[in-house]
Amino acid sequence: MVETMSGIPLDPSYGDGLQPGEYPYTRGLYPTGYRGKLWTMRMFAGFGTATDTNARFHALLRAGGTGLSTAFDMPTLMGRDSDHEWSVGEVGRAGVAVDTLADMEDLFAGIELDKVTTSMTINGPAAILMAMYVAVAEKNGVGRVHLGGTIQNDILKEYQAQKEYIFPPRPSVRLVTDLIRFTTAEMPRWHPVSISGYHIREAGSTAAQELAFTLANGFAYVEAAVAAGLNVDDFAPRLSFFFNAHSDFFEEIGKFRTARRIWATWMKDRYGATNPKSQLCRFHTQTAGVSLTAQQPENNIARVAVQTLSAVLGGTQSLHTDSYDEALALPTERAARIALRTQQIVAHETGAASVVDPLGGSHFVEWMTDEMERQANEIFDHIDQLGSGSMLEGVYAGIDDGYFVGEIADAAYRFEREVNAGRRIIVGVNEFTENDDDEANLLSIGHATEEMQIKRLEQVRGDRDADAVRASLAALIEVATQPDVNLMPSIIDAVRTYATEGEIVSALESVFGTYVETAVV
Amino acid sequence: MSPNSLDEQFEAARAGNRRVLGRLLTMVERQDDNAVVVSERAHRDAGQARVIGVTGAPGSGKSTITGHLAAVSGADQPAILAIDPSSPLTGGAILGDRIRMDNNVSSNTFIRSMATRGHAGGLAVAVPDAVRVLDAAGYDPIIVETVGVGQVEVTIAAAADTTVVVVTPGWGDAVQANKAGLLEVADIFVVNKADRPDARGARRDLELMLDLGHRDDWRAPIVLTTATEGEGIDDLWAEVERHTSYLHDSGELARRRCRRRRSEVADRIELGLRDRAHRLIEAHSGEFALDRVERHELSPAAAAQQLLASLIPDNHPED
Amino acid sequence: MSETSGHSPRSADDPEPLRVVLAKLGFDGHDRGLKVVARTLRDAGMEVIYLGLRQTTESIIAACEQEDADVIGLSMHNAGHLTLAPRMVQAVDTAGLDVPVVIGGIVPAEDVNVLIEAGVAAVLGPGASAEEVVAAVKAAVTRQSAAR
C-alpha cells in the first residue's frame, strides 16, 4: 500500500484511456512505474590510474553495489596513448587512463566480472575497450557470454555535438555495427549502444532538436544493423538511450514522454519490430551540466533538484545528478554527495515516485508532448529527405553538410543573445548578481598520475612480444580493408598482444582515414 | 614607403617569410595608397603562376576540393585564396575555410582567407592584386575559392586560367548553378558527393545543359568526386592539366589573360570614378548642384551631367 | 628578422576590421563557447578566422602569419590551460609575432593571474557578456599596438 505523507492511499496510476505500460508507452514503459523498481541512481565517476579506480570499485562492491560505471580520461576517449603530445595535463584527469590490456587488467583486478554489470562511457574507440574487457574476463576464466553491461558506442552524436570522433562516419558506423553484431551473437547480456542526446543538448540544441537528432541516430543504427544482416528484433531490445534533463520543467517532461511514443511507433511501423521489447525507449538521464553557473555556485543545487524532478516525472530508468561545483572544476566528494542526496530526497520524501506519469492528462503537459512530437517530425522529414528515404543516409548527409552542427550552433547563439539582452534571466549571472563573491572549494589533480601512467606504458611496451604486436596490427589492417568482415575478433587478438590503444587506432586510421569536421560556425 | 624596403619585403616573401607575405596581402586587401605601390611592384614579377578558380554553392564541398587540389598538384609552393562574404549588416565575417583545407594540404601551402568587406567592387581589384602578390612571391598554382552565390563572387572565380565549378547531386543545385551564371564560366565541372544516390542524375543534367551550350573548342568535362574521401581528385587534377595544355596549345591562355587585365583596368576605372563621384557630390560644387535639385531648378539628370563634365572635361554625352 | 615597414599598427579607430584567429588546442572538443564567440565578434564587425578544434601551437602560428591576424583567441575547457596557454604565448614570441593571446573558457579564479603573468592578454570566464568579450579583444589589440 502506497499512501501520501498524510495517509491518503494511492493507485499506481490515474486517468482513463491510455495507461502506463501500453503501446505507444507515452505514459511509461511499465504499469507500476517506480513502485516496481526505483530508478537507478547511477553516479558516473572515476579518475587517476587503473589501480586508483579499481580501489574505488572494490569499495563500491563491498558497500553492496553491483554496477560499475567507468569514465575514461580524454586521451583514452580520443584513442591516443598517455604519452601522445596532446595528452599533457589530461592523463587520468576526467576518468581512468587505459592504454593497454595491462591497464584493463588492473582496472578489474579481483572483480568477478560475471557477477557485476559494467557501464563504459566511450565512443570512438569503443570496439577496442570492449575487446579489452572481453580479453580480461576470458583471461580470468569468465566467458564473454556471461558479461553484462553497457557501452556508449554512439559515434553519430560525436560528429554532431561532442566532437570526440576519430575516423570518418562510415567506417565508424561499421565499427558500431560490428560491435552490435558481435554482442548479439556472443554476448546476450550486453547493451551495445547507448544512443545519447545528452551531449547534443549540452552543445546548445533545443529540447526538440535533442529529441529528434537522438532518435534519428537511433533509427540510423537500426538501419545500419539491419543492412549488416541482423534481424531487428534480435538487437533492438538491447538498444537504450541517454537524455539531458534541462531547466525548462514542462518542456523536458513533454520531451521524455514523446521520446517513448516516437520510438515505439517508428520501431513498429517503419522497422517492423514485432517484439514489444524492441519498441521500448529505455533511457538514462543526466542533469544539464551546461545549466550550472560558475557564479553563486550553490544555486546549482536548486537547479539540479528541479531537473531531477523533471526526469523522474518523465519516467527515466536511471539518473546521474551533477554536482554544484562542476562549472568550475571536477566535482569534490562533498558536492557529489549532495547531488546523490538530491535524488534520494526526490525518491523518498516528495512522493514523486508513488504514481506513474502523474502529469499525464494535464492539458499543458499533453499539449507540450504533442508539440515536441510535431517539431521532431519536422526534423525527421528533413533528415529523411536528405537521405532520400534512408535515415542512415540522411544522418550521414546532415553530418557532411554541417546540418546538425549548424542547427545546434544557431540555437546556442540564440540562447546566448537572449541571455545577453536580458530577455532570459539566469539567476546570479545576468540578474540578482549581488553578493556573488562566495568561493567554492575546488578539487585539483596533480601530475603524478601522468608520470606513473607513462612509466607503466613504457614498461608494457618493453615487456611485450613486439613481433606479435606487429603481426596482429598487420592482420587488423588487412581485415579493415574488407568491409564485410567483423573487426571485433581481430581487435581482440590485437589487444591480447598488448598493442596500445593508440597503435590500434593508428592501424585503423591507415585504412579508414581521420575525420576533420566541416566547419559550421 | 621607400621602394627599397618594398623590394626587401618581396625578397623576404620569395625566400619563404610568410609573415611578410601575410602583411603584403593585408596592404593590397585594404586597397589604400600602399596597395597601388605593392601591386605595381608585384606586377613586375607576376605572370608565372597558373590561376585556378573554384566556385560552387555553399556546402558543396569546394573548400575540401580546393585543399585536395593544392595537395595533388605536386607543386612546391601552392597558394589558396579563400573568399567568404562579409556580413552586410556589421561588416564582420566568419572565415572558416582553412580547417577544411588544412588537413589535406602540406605545410608548404599558403592559405589566406579574405572577406568581401562590403565595399562594392572592391573585391574585384583586391583579389587580382592578392593573386599578383602571391605570384610574385613565387607561389604556383594559386587557387582562388569563392562561394558561387553572387555575381561578384562568380566573376572573381571566373577571372582565372581554369575555372572549376562544383555542384552536388540534386536537380535543384544544377538549376541554381545555371541561374548564378556558373555554367557559362565553367571549364571543368565537379559533381561532388558522388556517393549520394542521385549523383549520376546530376551528371546527366549537366551533360544536357552542356549540349545546349555553344562553346565548341573546349567542352567542360564532368568529374565525379567524393571530396571527404579524397576520391576523384586525381581525375580532377588530370582535367586541370589537360585544360592547361589546351590553353597553351590553342593560344587561349594569352587571350584570357589579356581579357582579364583589360577588365581589371576597366574595373579599376569604374571604381575610381565611383569614388570620385562620391567625393564630388560631397564637395562644394556637388552641394551647390544638389541644392538646385532640391529647389527644382535642376533635374537630377542635368545635375549629374554638369558634375560629370567637371570630372571628365572631354566627356561626350552620346558615348 | 629585421622589421619591415608598411604594416600600420592597429588601434581602436582603425576602420578596417580586426582579424581574429579562434581555436582550441588539443583533445578538448567543447566548441559551443568558441562558436558563440565567433558570431559575437563577427557581429561586432570583426573578421574571424575560425580554426576550430584540434589545433596545435604550430598550426595557430602558421594561420596567424598567413592571415596577418591581430589577435589569437583560445578557448579552454580542460585542465590544460596552465600548460597550454603559456606555451601559446611562448610560441607567439618565438615566431616573432606581435599578436596578443586572449583566453576564454573555464579558468579558476586563482589561475587567472598566473596566466596574465605568463603573458596572456585577457582571460574571459564563463558568463562573460558579448560586450565584455568584444571589449577585451579590442583592448588587447590597443594595448599591443601601444606597446609597439
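Here are some numbered notes on chains A, B and C of this predicted model.

1. Let's begin with chain C on its own. Chain C has five helices and five strands, and along the sequence they follow the pattern β-α-β-α-β-α-β-α-β-α. Its C-alpha atoms fill a box of roughly 40 × 30 × 25 Å along the principal axes. The radius of gyration of chain C is 14 Å, which agrees with the value near 15 Å that a compact globule of 148 residues would have.

2. Next, look at where chain C meets chain A. Here 23 residues of chain C are in contact with 29 residues of chain A. On the chain C side, α1 (32-43) and β2 (47-55) each supply at least two residues. Of the elements of chain C, α1(C) gives the most to this side, with five residues. By class, the side of chain C that touches chain A divides into 10 nonpolar, nine polar and four charged residues.

3. Chain C also meets chain B. There, 32 residues of chain B are in contact with 27 residues of chain C. The elements that give two or more residues to the chain B side are α1 (3-14), α2, β3 (93-95), α5 (98-102) and β4 (110-115) of chain B. Which of them has the largest share? That is α2(B), with nine residues. The side of chain B that touches chain C has 12 nonpolar, 12 polar and eight charged residues.

4. β3(B) and β2(C) run parallel and are joined by three bridges.

5. Now turn to helix α2 of chain B, residues 18-30, and its packing against helix α6 of chain B, residues 122-136. The angle between them is about 160° and their axes are 8 Å apart. α2(B) and α6(B) are therefore roughly antiparallel to each other, and α2(B) passes α6(B) in a right-handed crossing. From α2(B), the contact uses B:Leu24, B:Leu25, B:Val28 and B:Glu29, while α6(B) brings B:Ala126, B:Asp129, B:Ala130 and B:Val133. In terms of class, this contact has six nonpolar, no polar and two charged residues.

6. In chain A, the feature to find is an open sheet. It has five strands in the order β3-β11-β10-β9-β8, with parallel pairing. Which strands are at the edges? They are β3 (40-41) and β8 (194-196) of chain A, each of which pairs on one side only. β8(A) pairs in the parallel sense with β9 (residues 240-245) of chain A over three bridges. A:Ser194 has A:Ser240 in β9(A) as its bridge partner.

7. Finally, two helices lie across strands of this chain A sheet. Helix α8 (residues 207-227) of chain A lies across β8 and β9, running at about 145° to β8(A). Helix α11 (residues 299-313) of chain A lies across β9, β10 (283-287) and β11 (318-320), and runs at about 165° to β10(A).

Definitions and conventions
Residues are numbered from 1 along each chain as its sequence is written. Chains are lettered from A and ligands numbered from 1 in the order in which they are written. This is a predicted model: local features need pLDDT of at least 70, side-chain atom pairs count only at pLDDT 80 or more; totals for chains, interfaces and linings use all residues. Two residues are in contact if their C-beta atoms, placed from the backbone, lie within 7 Å. Helices (H or I, at least four residues) and strands (E, at least two) are DSSP runs, numbered from the N terminus. Ala, Val, Leu, Ile, Met, Phe, Trp, Tyr, Cys and Pro count as nonpolar, Asp, Glu, Lys and Arg as charged, and the others, Gly among them, as polar. Axes are lines fitted to C-alpha atoms, for helices over the stretch in contact, and angles run from 0 to 180 degrees between N-to-C directions. Angles under 35 degrees count as roughly parallel, over 145 as roughly antiparallel, 65 to 115 as roughly perpendicular and the rest as oblique. A crossing is left-handed if the near helix is turned anticlockwise from the far one by less than a right angle, and right-handed if clockwise. Two strands pair if DSSP finds at least two bridges between them. The radius of gyration is taken over C-alpha atoms; the globule rule is 2.2 Å times the number of residues to the power 0.38.
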